Amino acid sequence: MGHWYNEAVFYHIYPLGLLGAPKKNEGTEIEHRMNELLPWIDHMKDLGVTAVYIGPLFESTTHGYDTKDYKKVDRRLGDNEDFKDFVKKCHEAGIRVVVDGVFNHTGREFFAFQDIQKNREHSPYVNWYKGVNFGWNSPYNDGFGYEAWRNCFELVNLNLYEQAVRDYLFDVIHFWIQEFDIDGIRLDCADCLTFDFMKEMRWRTSQEKEDFWLMGEVIHGDYARWANDDVLHSVTNYELHKGLYSGHNDHNYFEIAHTIRREFDENGGIYKGRTLYSFADNHDVDRLASKLNNKAHMFPEYTLLYTLPGIPSIYYGSEWGIEGRKEGGNDDPLRPALNLAEMEEKYKDCQLTEHIRMLGRLKKELSPLSEGKYRELLLTNRQYSFARIQDDKAVIVAVNNDENPAHVSIPVPAGGNAVNAVTGEPVNVENGRINAELSPAGSLIVSVNI
């Protein structure tokens, strides 16, 4: 068996949104909203989830990424004891916990920035931020300029070349591990962080927890620069994310297959041996149900999400197929407040939820889906089949993006007993091929003992 994270199914929670917290932190009394997350643990477990990525969590001014205090849970969510209890109960349910690490920038209310505002050139923190220049000014009329993330001046870029900054952030990570017993960190804006900082983080966290997981938010570029034995364990696979929905919208499985062949093919895939973080949607992009021209395509897309190489992640609410689109620069429609009991009642017969639950079960039962090499078997614009092969076992997957049924004849990479992984019924292999009918927007998953 491999590491827990390479075999995981993730659930992604944006807590300020899910729990309906106020948009601005007014510094008022602590509201223990996080206790409302506890019933979601059973829901996650029912879906076959084995890890939760939750964040941002720590005291901030507005959306959570403008950190004010790295060592306090945001008062709009609760307090540190609430989060400790959440982690403990997740662990009791067999669910690992990964939090957001926002280390590229802080908010303007962070103590170091406020000290510079007060003491200017005499502040001991003057080198904690990039581009501080007392001959300039800022849009906030601070009387000095500074470098901001994408010119969002509420987000002040930290100077990770400054030893004191690195020491402070490593102390924060140590605190999170000791105080909350977290299992990993998702690094916000990992493509903005210095490699030396991430390498040292990798070494330090592995000393504290041998199986501690580091995953970076990387949108463009060569993912291998970040996901390797020295830097991070994984990164967000935005390339696959785009291919999954546009490949269905355009009835073009060649796009998805080309992406996977380029990334993971057993003969020359550039990320072969790496396990990237796969997702259909998240807190920064439109919901899958809003991106697809044909909502029935959610079924084959989630089949691919769980069976192609990668670590699948479900964004809260998308297991029911809820919609949500960005409104200009406003992400609020992507991050709605949801009441679990109401959602379960409203969607109690939801076929998509059952499909995702089934995929979670197969991910746990069929080790080739986590460890197996990828091999393409069949490809047309509208039908696609591949195998995940591990030692003497294989899983064959076929999907159909057509609005009509489709007949497929799939070559089996090796002989052996074949069964439908969903129903357990025998599957006939004739002359080295599986001949099957795929329903509209349908899938077939076959387990083969070689």
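Reply: In this predicted model, helix H10, which covers residues 298-307, packs with helix H12, residues 351-365, at an angle of about 15°, and their axes lie 10 Å apart. Because angles under 35 degrees count as roughly parallel, H10 is described as roughly parallel to H12. Their crossing is right-handed.

The contact itself can be followed residue by residue. From H10 come Met298, Phe299, Tyr302, Thr303 and Tyr306, and these meet Gln351, Leu352, His355, Ile356, Leu359, Gly360 and Lys363 of H12. Sorted by class, the contact of H10 with H12 comprises seven nonpolar, four polar and one charged residues.

Apart from its neighbours within four places in sequence, Glu301 is in contact with Leu244, Tyr245, His248, Ala280, Leu288 and Leu292.

Helix H2 (residues 38-46) packs with helix H3 (residues 80-92) at an angle of about 25°, and the axes of H2 and H3 are 10 Å apart. H2 and H3 are therefore roughly parallel to each other, and they cross in a right-handed sense. In this pair, Leu38, Ile41 and Met44 of H2 make the contact with Asp85, Phe86, Lys89 and Cys90 of H3. By class, the residues of the contact of H2 with H3 are five nonpolar, no polar and two charged.

Five strands form an open sheet in the order S14-S15-S16-S20-S18, with antiparallel pairing. Its edge strands are S14 (373-379) and S18 (417-420), each of which pairs on one side only. On average, and with direction ignored, neighbouring strands of the sheet are turned by 20° against each other. Within the sheet, strand S15 (residues 383-390) runs antiparallel to strand S16 (residues 393-400), and eight bridges join them. Ala387, for instance, has Ile396 in S16 as its bridge partner. Helix H8, residues 253-264, packs on this sheet and touches S14, S15 and S16, while its direction makes about 155° with that of S14.

Key
Residues numbered from 1 in each chain as written. Predicted model: local features only at pLDDT ≥ 70, side-chain atom pairs only at ≥ 80, totals over all residues. Heavy atoms only, no water. Axes fitted to C-alpha atoms, helices over the stretch in contact; angles between N-to-C directions. Helix = DSSP H or I, 4+ residues; strand = E, 2+ residues; numbered from the N terminus. Parallel < 35°, antiparallel > 145°, perpendicular 65-115°, else oblique. Left-handed = near helix turned anticlockwise from the far one by under 90°. Contact = heavy atoms within 4.5 Å. Nonpolar A, V, L, I, M, F, W, Y, C, P; charged D, E, K, R; others polar. Pairing = 2+ DSSP bridges.
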